[in-house]
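Here are my notes on this model, point by point. Please read them with the structure open.

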Amino acid sequence: MTTTGMTGTELVTGIGELTTHDESGERRRDAALVIGAGRILWIGPAAKAPAADRRTDVGGRAVLPGWVDTHTHLVFGGDRSAEFEARMTGQAYAAGGINTTVDATRAATEEQLVATARRLRHEAEVQGTTFLETKTGYGLDVDSETRSARAGARVADVVTFLGAHIVPAGMDRRDYLDLVTGPMLTAVRPYVQYIDAFCERGAFDVEETREVLLAGRAAGLGVRVHGNQLGFSGGVQLAAELGAASVDHCNYLEPADIDALAAGTTVATLLPACDLSTRQPFAPARQLLDAGVTIALATNCNPGTSYTTSMPFCVATAVLQMGLTVGEAVWAATRGAARSLGRDQGADAVGSLQVGGRADLQVLNAPSISHLAYRPGVPLTGAVWREGGRVER
């Protein structure tokens, strides 16, 4: 990430449509805002804007919060394009393909891992992503997972420990679970904030997932779950039972799964780009929202099943293929995502534009957020501020 460091205050005016995600949920017209010290200092009608040290007129364009991408795997080595091509000819996706990336990641240096992750983060930022989570999970031994966690902490805003991605080739299952919940967890703990597990056929069952997540919770980590991507794995129910911050994928849901999520606080994080790449059915976004479940959208950027950093692509797909309105999709990719990280309120809020909150925002080269789905695939991001600094292209 590169931002231009500026001192003083900046008035952003001439906003044709301002999406703040405040409690009213309205899109404001002819609005303006003032940024200073990395924060939003004022929001209101352009005609009543206070003086500032600098003035940026966006000429009637739309302004909205920066994207909050809460599910990525940016720390990896190697390439899996051959696997992608095979899948496009009809080969089914299986979790075991992760081993290819494990071998390449183990062979990479920390600096190589950081360089790849930084390249992908910058690629995301120029498309409007201003806050980003990433995971470990391609090292799967103590040294490689620790190196991955350190690399992630150098690049991302939040790091999740995913030692329980799969059981690596040649490793006894029970021995590996003991490693994940013991020495590996201890080694990565200084660099991570959450623990995750892949509750799926070919990966870990419900009881194994529970063991991993409870060990992480006992170590002071928040809980996230990969669940119900390839079938009715039980991961969603477990996430709801444990009060996990999020359960991600959610492609296969029974009514009881939706009811369990609606009764709790776990955010359902949906990954439409991954669904396209793996040719899984889309998660039932409309049913989840109508049941009162908080949803988020994320890229799942990874080398095997979703090699994209484009949150605008995910938003457009959610609208065109998953039954969301543009406003619902944008909310899910910003404030809904922030909620899954506990960052949707107060001075550290991301995913919304609130007085006192972080100045993370983007300008579209379009008059309205509707163009994100109305003009799919068109690079509409015109300018991005992260913590009040302009992101350089």
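1. Terms and basis. Buried means under 20% relative accessible area, exposed over 50%, and partly exposed in between, with a 1.4 Å probe and protein chains only. Helices (H or I, at least four residues) and strands (E, at least two) are DSSP runs, numbered from the N terminus. This is a predicted model: local features need pLDDT of at least 70, side-chain atom pairs count only at pLDDT 80 or more, and totals for chains, interfaces and linings use all residues. Residues are numbered from 1 along each chain as its sequence is written, and side-chain values use heavy atoms, with hydrogens and water left out.

2. Helix 7. This helix spans residues 235–242. Its buried residues are Gly235, Val236, Leu238, Ala239 and Leu242. Viewed down the axis of helix 7, they fall within an arc of 165°, so they line one face of the helix. The arc is that of the directions from the helix axis to the C-beta atoms. Gly243 follows helix 7, and its phi is positive, near 65°.

3. What covers that face. The cover over the buried residues of helix 7 includes strand 10 (194–199), helix 6 (206–218) and strand 11 (222–227). Strand 12 (246–249) and helix 8 (255–262) are also among the covering elements. Contact here means heavy atoms within 4.5 Å.

4. The strands around it. Strand 11 is mostly covered, with five of its six residues buried. Four bridges join strand 10 to strand 11, and the two run parallel. Strand 11 and strand 12 also run parallel, joined by four bridges. Two strands pair if DSSP finds at least two bridges between them. Cys199 stands opposite Gly227 in strand 11. His226 has Asp248 in strand 12 as its bridge partner.

5. Crossovers. Which hand does the unit of strand 10, helix 6 and strand 11 have? This β-α-β unit is right-handed. Strand 11, helix 7 and strand 12 make a right-handed β-α-β unit as well. Right-handed means that, with the strands pointing away from the viewer, the path from the first strand over the helix to the second runs clockwise.

6. Gly234. This residue sits in the loop between strand 11 and helix 7. Gly234 is partly exposed, at 21% relative accessible area. Leaving aside neighbours within four places in sequence, Gly234 is in contact with Cys199, Val206 and Asn228.

7. Salt bridges across the chain. The structure holds 29 salt bridges. A salt bridge is a side-chain nitrogen of Lys or Arg within 4 Å of a carboxyl oxygen of Asp or Glu. One of them joins Asp348 and Arg39, at 3.9 Å from N to O. Asp348 lies in the loop between helix 13 (335–339) and strand 15 (361–364), and Arg39 in strand 4 (residues 39–45), so the pair ties together parts that are 309 residues apart in sequence. Asp348 is partly exposed at 44% relative accessibility. Arg39 is partly exposed too, at 27%.

8. Arg121 and Asp157. Their closest N and O atoms are 2.8 Å apart, in a salt bridge. Arg121 lies in helix 3 (residues 110–125) and Asp157 in the loop between helix 4 (142–155) and strand 9 (158–164), so the pair ties together parts that are 36 residues apart in sequence. Is Arg121 buried or exposed? Arg121 is buried, at 3% relative accessible area. Asp157 is partly exposed, at 25%. Salt bridges that share partners join Arg121, Glu125, Asp157, Arg358, Asp360, Arg386 and Glu387 into one network.

9. Nonpolar cores. A nonpolar core is a set of buried Ala, Val, Leu, Ile, Met, Phe, Trp, Tyr and Cys residues joined through side-chain atoms within 4.5 Å. The largest has 84 residues, of which Leu270 and Leu288 touch the most other members. Helix 5 gives the most to this core, with seven residues. A second, separate core of 16 residues includes Leu18, Leu33, Ile35 and Ala383.
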